[in-house]
Amino acid sequence: MQVVKEYVQRWYESGLDPDDYICHRKQGNLVEIEEVSTGRHLVVLTFCTNDVLGLTQEEPVKEAAINAILQYGTSNSSCSVLSGRIDLHRQLEDEISAFKHLPHTQLFINAWMAMQALMDAFCHLAIPVPGFQNTRETLILTDVLNHGCIVSAVANAGTRSGKLFGHSPRVRVRAYRHCDVEDLARKLQRYARPDDRIMVISDAVFSMDGDIAPLPDMIDVMSHYEGSVLVMDEAHASGAIGETGRGIYEYFNLLPQQAIERGVVPLIMTTFSKFAASAGAAISTHVAELKPLLNVSPTSIGTISLAPPMTAAALESIRIVRRFPERVKRLQENTRYLRSRLAAHDFLPIGETNVIPVILPPEINPKLYARELLEYGIWVSPIWFIAKPRIRITVNALHTKEEMDRLVAAMVKARDLIYKPTISA
């Protein structure tokens, strides 16, 4: 424990610890927060929520969650394979399958568990079966900037349950340069062996840079490897990109079926914490046999199923998105507006989605900058130790032009107050 104490002390001294805030109430994008270090309460305009379509406070969504509690209780108190599966699960899976154009969907309580379940199901075929031996190695290629849930899953892909408690073939993991399809092609050519089972995995929208994976070019490259699997993590894509918010395939005017026709197996992970006003995740596929493998993976059979109110909230949210695509259009209009206003005031927003990272000059500490913005009633996310220093703004469908203008004005004031550039002689 002494090592832990020394580490945390050094961590605090280095300024790496995040500021701590507690939310007390919400009304639209106005939030009352408590600054834990001082106990001070502030009412601020938030630009750091992932509620991209503004559905967490939608009356039909709240009513659906309440009704689910009244019918099923607050928890299923079991995993789905035993007694924890309810009809709402089936309805939600069917709704996601229709939304993503892939007929078979399996639910999980979060994205981390979904990704780990996929590795166990795909690489190790989940559980030993008498008379069947899996002998094919797996090659996984992953974008270097993939989200932590992917990084964790691929890092442990070779030591999931099938490998830890018995023999299963080796898993080889290689990274390719960020959104670099030429590097992906080179790595496939270099590392793929004739009998490999190949998986390429990528965020659809990258959570720190706000950019979009080059899906059509990835399919072009993978079409030379018959039966290769392409996994898209659509956590920040669902509800945000594509004309009706269906995600990266719709954004590029494609259907998963077009990847299938070219010999590529598409898998899509959908999460509910951003666009679907809930928590949880799902993996969708056209391969019916994958679903039972996912269902008996350790992160499904070893934990509780998605709670009734969470399931109902996600279900109602997705139904709203499908019925009212104008919400998605409003989000995309807000994204374009805010990006243009930031650029007009000499900020550097990168990416192209509603995730808007603003790269700051190296002289500005993002944490101090975010603290200053709080004094102007603006709440944003400072990033300073998991990526290049930046302010990460998330715009949503409820933001008005006046609110976005208020954000930009505050950012200009804070920059003028903090930024003292060094002038070279």
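In what order do the four strands of the open sheet stand?

## The open sheet

The four strands stand in the order S1-S2-S3-S13, and the pairing among them is mixed; strands here are DSSP runs (E, at least two residues), while helices are runs of H or I with at least four residues, and both are numbered from the N terminus. Two strands count as paired if DSSP finds at least two bridges between them. Strand S1 (21-27) and strand S13 (378-379) are at the edges with a single partner strand each, so one side of each has no neighbour in the sheet.

Strand S2 (residues 30-35) and strand S3 (residues 40-46) run antiparallel and are joined by six bridges. Within this pairing, glutamate 34 has histidine 41 in S3 as its bridge partner.

## How the model is read

This is a predicted model, in which local features need pLDDT of at least 70 and side-chain atom pairs count only at pLDDT 80 or more, whereas totals for chains, interfaces and linings use all residues. Residues are numbered from 1 along each chain as its sequence is written, and side-chain values use heavy atoms, with hydrogens and water left out.

## Salt bridges

The structure holds 24 salt bridges, a salt bridge being a side-chain nitrogen of Lys or Arg within 4 Å of a carboxyl oxygen of Asp or Glu. One of them joins glutamate 95 to arginine 322, with the closest N and O atoms 2.9 Å apart. Glutamate 95 belongs to helix H3 (residues 87-100) and arginine 322 to helix H13 (residues 308-323), so this pair ties together parts that are 227 residues apart in sequence. Glutamate 95 is buried at 13% relative accessible area, while arginine 322, at 35%, is partly exposed; buried means under 20%, exposed over 50%, and partly exposed in between, with a 1.4 Å probe and protein chains only.

Aspartate 196 and arginine 172 form another salt bridge, in which the closest N and O atoms are 2.6 Å apart. Aspartate 196 sits in the loop between helix H7 (181-191) and strand S7 (197-203), and arginine 172 sits in strand S6 (residues 171-176), 24 residues apart. Aspartate 196 is buried, with a relative accessible area of 9%, and arginine 172 is buried too, with 4%. Both residues belong to a network of salt bridges that links Glu137, Arg170, Arg172, Arg193 and Asp196.

## A cavity inside

The structure holds two cavities of 30 Å³ or more, and about 120 Å³ of space lies in the largest cavity. A cavity is a set of points, on a 1 Å grid over the protein atoms alone, where a 1.4 Å probe fits but cannot get out, and lining residues have an atom within 4 Å of a point. Grid points are joined across faces, edges and corners, and the volume is the space filled by probe spheres set on the points.

The largest cavity is lined by 15 residues, of which Ser80, Leu107, Phe108, Ser305 and Leu306 are the closest to its centre. H3, strand S4 (104-108) and H12 each supply at least two lining residues, and the largest share, three residues, comes from S4.

## A nonpolar patch outside

On the surface, Val81, Leu82 and Ile301 form a nonpolar patch with about 260 Å² of accessible area together. Patches are made of residues with over 30% relative accessible area and no salt bridge, where like charges are joined within 9 Å and nonpolar side chains (Val, Leu, Ile, Met, Phe, Trp, Tyr) within 5 Å; the areas come from the Shrake-Rupley method with a 1.4 Å probe, and for residues only the protein chains shown count as cover. Isoleucine 301 lies in helix H12 (residues 298-301), and with 40% relative accessibility isoleucine 301 counts as partly exposed.

How values were computed: On a 1 Å grid over the protein atoms alone, a cavity is a set of points where a 1.4 Å probe fits but cannot get out, and a pocket is an open set with protein on both sides within 12 Å along at least five of seven lines; lining residues have an atom within 4 Å of a point.
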